[in-house]
Amino acid sequence: MKNALWCAGVAVALCLSGQEPAPQAVPKKGGSLLDQAGSDDKHVVDPEAAERGRKTYIAECITCHGSTARGAQNGPDLVRSLTLLHDRYGSTIGPFLKKGHPTQSTPSGDLSEAQVKDLAHFIHARLDDTLRTSPTFHAQNILTGDARAGEAYFNGVGGCSGCHSAAGDLKGFGGKYDAIDIQQRFMFPRTGFGRGHKQTMVTVTLASGASFTGTLDKIDDFDVSLRDADGVYRSWARTSAVTVKVDDPFEAHHRLLDSIGDKNMHDVTAYLEGLK
Amino acid sequence: MKKAACAVLIAGTLFAQTWPTYSGDYTGRRFSPLKQIDTSNVKALSLAWIYRVNSPGQVVKSTPLEIGGILYLSSPDNVWAVDARSGREIWHHTHQSKGGIHIGNRGVAVTGNWLYFETPDCQLVSLNTKDGKERWHQSICDLDRMYYASVAPVIVKNHVLVGVSGDDLDIPGYYESRDPETGELQWHWSVVPKKGEPGFETWPNEDAAAHGGGMTWGPTSYDPELNLIYFGTGNPQPVVAGQGRVGDNLYTASIVALNADTGKMAWYFQPSPHDTHDWDNVEAPVLIDGTIEGKPRKLLAMACRNGWFFVLDRVTGKNIVSKEYVKTNWVKGLDGRGQPIPNNAKEPQIDGSLVSPNQGGAANWPPPAYDPDTGLFYVNATRAFSIWYLYDLSDKPEGWGGTDRGGWSEAMLQAIDYKTGAIRWSHKWDGGGARAGILSTAGNLIFTGDGAGNFVAFDARDGKALWHANLASQVSNAPIAYEVDGSEYVVVGAGDSLLGFTVH
């Protein structure tokens with residue numbers, strides 16, 4: 001997705017300038033790590049040019065190199081070829097084609113410079129498809145579980161019904177989220193897509209017997225802090241004279257991780273998805 | 001000068017006041033024989049100086065070297081020389097980058113008057129230690145294939161040993177020896193074997209092997225008596241979708257021993273056969289001269305990203321200990337060599353498979369430590385779950401083809417008995433874990449950090465926390481110890497700062 005946005009941004013810049021992007025046109029030191037991958041002057045795909053290049057690819061290349069340019073029975077993988085990886089806007093693909101191509105049906109001289117550039121954009125776009133942030137990568141079918149078995153687990157050994165119910169807090173749950181979001185929410189309520197809204201509570205008891213309960217602000221091996229019901233911040237050093245009891249509302253979910261197994265996880269996903 | 005430097009490295013303890021190579025010495029133990037700071041006075045440890053790298057966005061992940069009262073540290077495209085007494089900058093070298101992933105730089109190597117470091121744009125650069133001026137640079141990888149370089153080089157005899165990084169375009173991993181005077185190639189070892197070579201049978205075809213990954217971005221250890229170097233190799237590629245590379249995928253995700261002068265492989269051990277979870281096996285190989293069943297043995301120990309701790313005979317590679325150091329769920333048994341047999345059901349699945357550890361692993365690049373006095377191996381460990389999804393269902397996936405999502409984790413400092421793999425003591429981090437390495441010292445101390453920004457000293461024997469200071473940023477490298485002017489210093493990186501502590 002980031003790449004797509006990046007490419008779209010470059011396309012806008014192209015429209016404004018009416019030129020091929022200059023090699024250093026795209027600042028790269030910031031952004032995601034993947035945006036930094038490769039050379040600063042690497043080929044930046046112009047989606048419109050890639051679409052034009054698609055026509056040339058279909059006419060000239062697809063039979064041997066396949067629809068994704070990853071190679072087929074009669075032709076090698078293009079997106080992993082050094083000719084492409086060293087290419088900038090046709091700089092190596094052009095000379096390669098001009099020199100002659102063993103199975104080329106159209107003589108290379110028949111491709112104009114513009115066609116070579118467009119073709120380069122198309123094949124570089126297929127290279128981008130293989131990158132880990134490519135929008136071509138997304139979850140497939142998550143709903144493989146048995147909803148009835150999931151319901152039995154929910155109400156039985158899973159212990160979920162101790163806190164949740166289909167008619168109560170989970171009413172309509174399945175209609176609110178995609179299947180993968182549902183799976184992430186119940187497996188990892190704090191850090192998954194759920195990012196649980198429930199606060200962790202803490203009670204700090206001093207040697208005097210005085211006790212303070214509130215929302216956990218921060219805890220480490222040496223200090224603990226909370227905000228009490230009035231919103232007042234308090235903190236203590238964790239000495240031997242201080243007892244700290246943390247109440248994590250998601251503890252039952254964490255305990256499930258060791259026991260649930262993949263089948264129950266898929267079954268519960270199917271059950272929750274059906275709560276519409 | 002070169003001979004003197006070698007003496008420091010080989011003897012390890014001969015000139016105990018220095019930290020002349022990435023791991024302190026060639027063993028990878030990160031054990032300082034200094035004991036001026038010990039369990040009795042560590043409570044008086046106090047800040048002596050702070051050096052801020054003064055370069056936007058930079059984090060000190062590198063282990064500094066300390067040689068002759070000067071510290072040498074690095075981050076991507078940057079090297080600094082800093083006075084080890086005062087934290088004052090002596091010089092700063094900036095490399096004009098042509099690109100590459102700027103995720104981190106582990107450190108530099110020094111021999112004589114020359115310093116060596118790798119850059120994200122695939123260069124091995126040599127500087128003059130006097131003023132930081134460049135002597136030469138040599139390309140060690142192809143930026144267009146999305147390789148990059150982040151490793152701390154190691155000097156062994158007349159070799160500068162370098163590894164490479166890159167996980168995006170299904171590229172083969174390799175490891176090289178370069179000439180210290182010119183940077184020219186001396187030998188090249190390919191992680192993935194070619195057709196006809198041993199190990200090739202663990203790949204389905206030449207194309208899969210030629211794009212099989214196995215980056216060499218971890219530290220190197222060295223046994224001068226055996227003249228063997230030891231390091232780990234990264235995950236195979238494509239990273240997550242492994243259906244196009246059926247087999248064990250040697251020598252990815254392995255520990256290997258090579259002849260230092262020729263690069264010829266002496267043995268291998270593969271902790272993660274046919275990895276599909278991004279579990280680079282590039283954690284530090286720690287050389288232990290220990291005792292097994294009453295007999296002195298040359299050993300190698302590694303706490304791997306996959307959650308398992310292994311002890312091997314470093315002469316032969318034969319396995320002695322295979323044991324989890326955190327609970328995992330991806331292994332269904334051990335083979336005859338002591339290697340885990342992966343449970344196929346825990347490979348990434350279309351509908352998700354719940355796996356522990358997660359992608360980040362039970363351990364990662366932050367180095368562990370070993371204390372010969374306690375016989376304990378110390379590692380910052382994470383127990384984590386995530387769900388692994390397969391996205392690319394084709395016969396020939398490329399790139400990653402899937403990923404893991406979500407997660408829950410807990411972090412702890414584990415002290416492992418190298419003879420058995422048993423956890424002797426464990427300290428759970430209530431403030432979460434940090435990407436922090438570990439220093440052990442002869443003062444019976446362990447230094448490391450937590451997720452809340454605390455820099456902590458533990459009693460190495462029982463795990464009791466004896467001292468801490470909150471540094472505002474998490475400890476971001478592995479601490480070191482050295483002695484100048486008769487005073488022991490402990491130096492640690494935290495965010496954009498390097499901090500020196502001592503007992504006055």
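At what angle do the axes of helix α8 (residues 147–155) of chain A and helix α12 (residues 261–273) of chain A cross? They cross at roughly 100° and come within 7 Å of each other. Angles of 65 to 115 degrees count as roughly perpendicular, so α8(A) is roughly perpendicular to α12(A). The model is predicted.

**The contact of α8(A) with α12(A)**

- On the side of α8(A), the contact is made by A147(A), A149(A), G150(A), E151(A), Y153(A) and F154(A).
- On the side of α12(A), the residues are N264(A), D267(A), V268(A), A270(A) and Y271(A).
- By type, the residues of this contact divide into 7 nonpolar, 2 polar and 2 charged.

**Helix α12(A) and its surroundings**

- Helix α12(A) has 13 residues and spans 18 Å from its first C-alpha to its last, close to the 18 Å expected at 1.5 Å a residue.
- Because 10 of its 13 residues are buried, α12(A) is largely enclosed by the rest of the structure.
- A residue counts as buried if 20 or more other C-beta atoms lie within 10 Å of its own.
- The buried residues are N264(A), M265(A), H266(A), D267(A), V268(A), T269(A), A270(A), Y271(A), L272(A) and E273(A).
- In chain A, the buried residues of α12(A) pack against α8, α9 (173–176) and α10.
- They also pack against a strand of chain B, β25 (353–355).

**Where chain A touches chain B**

- In total, 39 residues of chain A are in contact with 43 residues of chain B.
- The elements of chain A that give two or more residues to this side are α2 (33–36), α10 (179–187) and α12.
- The residues on the chain A side divide into 15 nonpolar, 15 polar and 9 charged.

**A sheet in chain B**

- Strands of a sheet pair through backbone hydrogen bonds, either parallel or antiparallel.
- Chain B has an open sheet of 4 strands in the order β7-β8-β9-β10, with antiparallel pairing.
- Its edge strands are β7 (109–111) and β10 (134–139) of chain B, each of which pairs on one side only.
- From one strand to the next, the twist averages 20°.
- Strand β8 (residues 114–118) of chain B pairs with strand β9 (residues 123–128) of chain B in the antiparallel sense over 5 bridges.
- F117(B) has V125(B), in β9(B), as its bridge partner.

Notes:
Residues numbered from 1 in each chain as written. Chains lettered and ligands numbered in written order. Predicted model: local features only at pLDDT ≥ 70, side-chain atom pairs only at ≥ 80, totals over all residues. Axes fitted to C-alpha atoms, helices over the stretch in contact; angles between N-to-C directions. Parallel < 35°, antiparallel > 145°, perpendicular 65-115°, else oblique. Contact = placed C-beta atoms within 7 Å. Nonpolar A, V, L, I, M, F, W, Y, C, P; charged D, E, K, R; others polar. Expected span 1.5 Å × (residues − 1). Buried ≥ 20, exposed ≤ 12 C-beta atoms within 10 Å, placed from the backbone. Pairing = 2+ DSSP bridges.
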